[in-house]
Amino acid sequence: MTNNELARFARDIRWLKIYAACTTIALIVIALAAGKSSRSQAELTVERINIVDSSGISRLVISNAERFPLPTLNGKEYPRAVHPAGIVFYDAKGSEMGGIAITDASAGRVSALAFDYPNYDAMGMVTRVSPDGKDALAGLQINSRPPANLDVIGASKVVQRRIAIHNNNEDAEILLADPQGRDRIRLRVDHDGQARIEVLDENGKITFSAPGV
């Protein structure tokens, strides 16, 4: 190998070392920037997030109104009366078991937290405010438990509200119903501060009240 060839070879080696050094530095900078970005990221903007278990079954969904999932029970989907944004909880089989819903429906703003029986709503907390803001309700409702062999459509025909606790336009009430959904006991303190207890028969007739009529 001549002196010129040796010199050219040495120059090529030097350039390779410089290239390797620059490449290494660039990769380190990129890695540090990526690590810093993942640690410092404070916001995530998406339309829907699906949380699944190891087998791919959805266990929790966070969604806007446009991508909010339909109710699913035993692998079958059912229509929703409204299309809220919120969170849906699922059991290990992928059936809906509750959630949080927030919606601006035509009837007003509604927010709800619900937990379900295997085939229908079990209990829920709800707030509702009319579009003009004049009518407002905040309360808790507990339903009867439907037979386990009914689907959600069949269950909707037999489920009854058994307990309601609510503040309806500053009238505070506790309502206790029989298995047929008929109110049998009412405890009330109205917006003027007047308190009343009523016991009713199966026909809705007051059989006891305090203070008396």
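Aspartate 178 is buried, with a relative accessible area of 7%. Buried here means under 20% relative accessible area, exposed means over 50%, and partly exposed lies in between (1.4 Å probe, protein chains only). The structure is a predicted model, in which local features need pLDDT of at least 70, side-chain atom pairs count only at pLDDT 80 or more, and totals for chains, interfaces and linings use all residues. Residues are numbered from 1 along each chain as its sequence is written, and side-chain values use heavy atoms, with hydrogens and water left out.

Aspartate 178 pairs with arginine 182 in a salt bridge. The term denotes a side-chain nitrogen of Lys or Arg within 4 Å of a carboxyl oxygen of Asp or Glu. In this pair the closest N and O atoms are 2.9 Å apart. Arginine 182 is partly exposed, at 33% relative accessible area. Side chains of opposite charge can pair when their charged atoms come close.

Across the whole structure, the search finds 11 salt bridges. One of them links arginine 161 to aspartate 183, with a closest N to O distance of 3.0 Å. Arginine 161 is partly exposed, at 22% relative accessible area. Aspartate 183 is buried, at 18%.

Glutamate 198 and arginine 196 also meet through their side chains in a salt bridge, at 2.8 Å from N to O. Glutamate 198 is buried, with a relative accessible area of 12%. Arginine 196 counts as partly exposed, at 27% relative accessibility. Elsewhere, salt bridges with shared partners join Asp178, Arg182, Arg184 and Glu202 into one network.

The chain as a whole has two helices and 14 strands. These elements are DSSP runs numbered from the N terminus, with helices (H or I) of at least four residues and strands (E) of at least two. The chain holds 213 residues, of which 21% count as buried. Contacts (heavy atoms within 4.5 Å) were also examined by sequence separation. Among contacts between residues at least 6 apart in sequence, 21% join residues at least 24 apart. The accessible surface of the chain comes to about 14800 Å². Carbon and sulfur atoms account for 59% of that surface. Accessible areas come from the Shrake-Rupley method with a 1.4 Å probe, and for residues only the protein chains shown count as cover.
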